[in-house]
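The following note collects comments on a single structure, arranged as numbered points. Please read them with the coordinates open.

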Amino acid sequence: MQSFQPPRRILMGPGPSDVSPRVLAALARPTIGHLDPEFQKLMEEIKAAMSRLFNAPDHACVPLPAPGTAGMEAAIMNLLEPGDRAVIAVNGAFGGRMADMADRAGAEVIKVEFDWGLPVDPAKVEEALKGGPVKVLAFVHAETSTGARSDAAALCALARKYGALSVVDCVTSLGGIVVDVAAWDADVVYSGTQKCLSAPPGLSPIALSKRAQAAISGRKTKVRNWLLDFNLLMAYWGGDGGRTYHHTAPINALYGLHESLVALFEEGQQAVLVRHARTHEALAAGLEAAGLKLLVAEPYRLPQLNAVLVPDGVDEAAVRTHVLAKWDLEIGAGLGPLKGKIWRIGLMGASATPWHVRLCLSALCEALEAQGFKTDTKAVLAAVDAKLA
């Protein structure tokens with residue numbers, strides 16, 4: 001058995017994104033104990049930074065010791081008990097995953113389904129909420145499987161109107177587009193570190209409102225997931241009267257998250273959002289010049305996750321294989337009904353730069369030419385430069 005030496009890749013799929021050298025260096029710092037006083041100071045800084053990033057000053061904000069799917073499972077399993085009713089908006093793979101988890105929690109699940117590539121329609125969700133008492137309304141803000149953005153403010157307002165708790169999946173949105181938990185009056189919002197935060201996968205930032213915390217503490221039954229039980233977790237992260245041992249925190253991963261947040265605030269939250277928007281506009285212009293189209297209508301597109309329609313006669317898997325082999329570039333495939341029909345190109349975090357856009361389009365043009373799909377790389381890059389000028 002030998003040491004593993006990973007290849008150097010350029011990560012422009014649906015996640016993970018490229019991790020900056022300063023975050024990688026932070027991960028290599030000396031490990032200390034998870035109850036060490038210095039580590040507990042770091043925990044407090046992370047909590048405060050997450051509260052600032054989410055704009056959730058009245059929420060409990062902690063990073064869960066697992067990837068974004070753990071945030072989803074924590075939200076669903078902590079809030080729902082057997083017999084509760086949950087309305088779940090499904091406009092892609094991850095809304096479907098929410099519905100599956102709610103069913104496993106023993107809830108009565110009302111799915112409100114939309115074609116993949118469309119945003120969630122609040123009017124259709126409201127019709128479902130009118131059907132009787134609902135404990136939870138859950139939806140995906142930025143659907144990673146399609147690149148579609150839904151109106152979180154409108155959907156959270158509906159949850160309030162009908163007395164439901166809102167659960168918002170922001171795995172792909174946090175750090176890439178506006179996430180404003182206070183303005184939305186959202187109850188549980190979760191994300192992941194491996195996308196627009198540019199940290200490695202393995203942590204799930206989550207924010208819980210006072211309403212959500214009260215619902216969890218007032219449960220009639222135990223939470224079905226021990227590790228992610230907030231009644232237990234908050235005794236460690238809450239820190240009132242000294243922290244109670246719950247699990248061994250992923251110490252070095254938290255170093256990485258802390259450094260990624262330091263870098264984000266150094267750049268400036270608004271500047272980060274502008275960078276994501278600007279690189280998306282350049283990519284979209286280049287794709288159009290190459291004769292390619294995006295799946296999602298312009299008003300609902302995510303700048304950080306671009307679903308590109310595969311032209312007729314092109315083998316989408318062969319294109320991904322080509323750019324990986326020749327350019328060390330990773331782009332993503334479609335999921336579910338979009339399998340074989342789209343590529344998913346991520347412009348997330350450290351991967352949202354003009355250099356990434358130019359390289360991706362150059363590689364994509366070469367791969368398409370290899371299959372007989374004619375493109376003009378020079379014209380494509382000129383369209384990019386015109387947007388970036």
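1. D328 counts as partly exposed because its relative accessibility is 31%; here buried means under 20% relative accessible area, exposed over 50%, and partly exposed in between (1.4 Å probe, protein chains only). D328 has a positive phi of about 55° although it is not a glycine. It is placed in the loop between α12 (316-327) and β12 (329-330); helices (H or I, at least four residues) and strands (E, at least two) are DSSP runs, numbered from the N terminus.

2. On provenance, this is a predicted model, in which local features need pLDDT of at least 70 and side-chain atom pairs count only at pLDDT 80 or more, while totals for chains, interfaces and linings use all residues. Residues are numbered from 1 along each chain as its sequence is written, and side-chain values use heavy atoms, with hydrogens and water left out.

3. Further backbone values deserve a check. Most residues other than glycine have a negative phi, and most peptide bonds are trans. S198 has a positive phi, near 60°, and is not a glycine; this residue lies in the loop between β9 and β10. S198 counts as buried because its relative accessibility is 10%. The peptide bond from G15 to P16 is cis, with omega near 5°, and P16 belongs to the loop between β1 (10-11) and α1 (21-27).

4. Seven strands form an open sheet with mixed pairing, in the order β2-β10-β9-β8-β5-β3-β4; two strands pair if DSSP finds at least two bridges between them. The edge strands, each pairing on one side only, are β2 (60-64) and β4 (108-113). On average, neighbouring strands of this sheet are turned by 15° against each other, direction ignored; axes are lines fitted to C-alpha atoms, for helices over the stretch in contact, and angles run from 0 to 180 degrees between N-to-C directions.

5. Strand β10 can be followed on both of its pairings. Five bridges join β2 to β10, and the two run antiparallel; A60 has L208 as its bridge partner in β10. Strand β9 (residues 188-190) is joined to β10 (residues 204-208) by three bridges, again antiparallel. Within this pairing, I206 is the bridge partner of Y190, and A207 in β10 stands opposite V189.

6. How many residues of β10 are buried? Five of its five residues are, so described as mostly covered by the definition of buried given above. In a regular strand the side chains alternate between the two faces of the sheet. For β10, both faces are covered, with S204, I206 and L208 buried on one side and P205 and A207 buried on the other. Helix α9 (residues 230-237) lies across β2 and β10, running at about 95° to β2; contact means heavy atoms within 4.5 Å.

7. The geometry of helix α4 (residues 93-104) is consistent with expectation: at 1.5 Å a residue its twelve residues should span 16 Å, and its end C-alpha atoms are 17 Å apart, which agrees. The expected span is 1.5 Å times one less than the number of residues. The buried residues in α4 are F94, G95, M98, A99, M101 and A102. They cover an arc of only 165° around the axis, which puts them on the same side of α4; the arc is that of the directions from the helix axis to the C-beta atoms. Just after α4, G106 takes a positive phi of about 90°.

8. The count of salt bridges comes to 18, a salt bridge being a side-chain nitrogen of Lys or Arg within 4 Å of a carboxyl oxygen of Asp or Glu. R211 and D187 meet in one of them (2.8 Å, N to O). This pair links distant parts of the chain, 24 residues apart: R211 is in helix α8 (residues 210-217) and D187 in the loop between α7 (181-184) and β9. D187 is buried, with a relative accessible area of 0%, whereas R211, at 33% relative accessibility, counts as partly exposed.

9. A local case is E44 with K47, whose side chains form a salt bridge (3.2 Å, N to O). Both residues lie in helix α2 (residues 37-54), three residues apart, about one turn of the helix. E44 counts as partly exposed at 36% relative accessibility, and K47 counts as buried at 16%.

10. K374 forms a salt bridge with E369, the closest N and O atoms being 4.0 Å apart. K374 is exposed, with a relative accessible area of 68%, while E369 counts as partly exposed at 30% relative accessibility.
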